[in-house]
Amino acid sequence: MTPCIALIVAAGEGERFGGAIPKQYQDLAGSPILRRSQDSVRLGLEAIEKQKPQLVMIHDAARPLIDAETIQRVREALDTHDAAIAAKPLVDTLKRGENDIIKETIDRTNLWQAHTPQGFRFSPILEAHRSVQGRSFTDDAAVAEHAGMRVTLIPSNPDNLKLTNPDDLDRARRLLGMGALPDVRTGFGFDVHRFAPGNSITLCGHTFAHDQSLEGHSDADAGLHALTDAILGAIGEGDIGVHFPPSDPKWKGVDSARFLQHAVDLLRQKGGAVSHIDITFMCERPKIGPQRAAMTKRLSELLKLSPDRIGIKATTTEGLGFTGRGEGLAAQAVVTVRLPFLPDTQ
Ligand code: MG
């Protein structure tokens with residue numbers, strides 16, 4: 001069989017995807033998405049030249065849904081052609097517009113969308129890239145065309161989409177079944193703080209007047225502590241003490257919203273999101289009911305979560321136990337999170 005090397009080039013900032021993680025490093029079904037640039041292609045070709053390949057298949061790693069059949073068709077075309085690319089015939093009517101007004105309907109006959117992989121006889125495509133060094137082309141087929149190579153069009157899989165913006169990523173996840181079968185998890189958290197002399201209490205990020213305070217190293221927000229532990233538990237990231245040791249003086253008196261934000265950031269780094277939370281307070285006093293709306297509003301802001309996905313409840317313990325004796329307040333939280341479906345871990 002004729003030696004053929006696959007060249008997948010990773011480059012680009014991925015700025016259109018937004019967020020701190022470049023597109024090419026965002027997970028899609030457990031695999032990073034990579035992306036190429038024309039300079040990277042030439043450098044890649046130079047790097048593999050010493051292996052003396054006769055054929056090269058250049059693939060844009062921003063098309064992670066490429067299928068084996070399309071790759072095989074392009075490869076087989078190279079047995080009889082110098083260049084062949086995966087491409088999709090245009091089916092939509094094309095309009096040229098100015099200021100959102102149609103100026104022209106374009107004949108789509110014989111128009112194709114260029115996909116990858118794009119396959120070439122190695123020496124001609126390397127020479128073609130060297131000859132246009134420093135100039136800009138939209139794809140390798142354009143470089144080949146410029147050099148006078150005949151490039152054959154091979155029908156591509158319609159799902160071989162290029163991931164350019166966050167909507168594309170969502171569509172790719174749906175195609176991979178990640179939309180239909182998300183990884184739904186439940187986390188549980190529990191926390192207790194003792195009452196101490198004071199005149200206000202902070203629960204769920206909401207501070208209100210009371211004839212006592214809660215004692216703790218941070219702001220003693222048992223609601224946010226239980227919730228933070230629930231999120232950390234759902235993603236296997238230990239507990240709040242692992243991330244914010246109470247022995248560390250820098251966390252003294254700190255706003256517990258910071259703890260919650262850290263847990264949410266860890267969840268988002270895994271591509272996850274909070275679906276719903278449910279918090280129950282156990283205490284004789286203070287009365288939670290009058291504070292529920294403000295707590296819900298604050299949690300909605302912190303989590304960017306609709307209020308109808310936030311449950312806040314309270315119960316006494318009928319005078320029993322430390323909560324019944326008014327020595328302290330307990331909070332428990334249940335959280336449901338959604339994570340991308342990762343087929344290699346399930
Ligand atoms: Mg606590």
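Predicted model: local features only at pLDDT ≥ 70, side-chain atom pairs only at ≥ 80, totals over all residues.
Visitor: What counts as a cavity and as lining?

Guide: On a 1 Å grid over the protein atoms alone, a cavity is a set of points where a 1.4 Å probe fits but cannot get out, and lining residues have an atom within 4 Å of a point.

Visitor: How much space lies in the largest cavity, and which helix gives the most to its lining?

Guide: About 70 Å³ lies in the largest cavity, a volume being the space filled by probe spheres set on the grid points, which are joined across faces, edges and corners. Helix α1, residues 38-48, gives the most to the lining, with 3 residues; helices (H or I, at least four residues) and strands (E, at least two) are DSSP runs, numbered from the N terminus. Among the lining residues are Gln38, Asp39, Arg42 and His129.

Visitor: Which residue pairs with arginine 42 in a salt bridge?

Guide: Arginine 42 forms a salt bridge with glutamate 46, their closest N and O atoms being 3.9 Å apart, and the term means a side-chain nitrogen of Lys or Arg within 4 Å of a carboxyl oxygen of Asp or Glu. Both residues lie in helix α1, 4 residues apart, about one turn of the helix.

Visitor: New topic: which residues are the protein donors of the magnesium ion?

Guide: They are Asp191 (OD), His193 (NE2) and His225 (ND1), lying 2.1 to 2.3 Å from the ion. Aspartate 191 in strand β10 and histidine 225 in helix α6 (residues 222-234) are 34 residues apart, so this pair links distant parts of the chain. Donors are N, O and S atoms within 2.8 Å of the metal (3.2 Å for Na, K and Ca), and sites may look incomplete because water is not among the atoms.

Visitor: And where are the cis peptide bonds at proline 117 and proline 286?

Guide: One joins threonine 116 and proline 117, with omega about 15 degrees, and the other runs from arginine 285 to proline 286, with omega near 0 degrees. Proline 117 is found in strand β8, whereas proline 286 is in the loop between β14 and α9.

Conventions:
Residues numbered from 1 in each chain as written. Heavy atoms only, no water. 1 Å grid on protein atoms, 1.4 Å probe; cavity = no way out; pocket = protein on both sides within 12 Å on 5 of 7 lines; lining within 4 Å.
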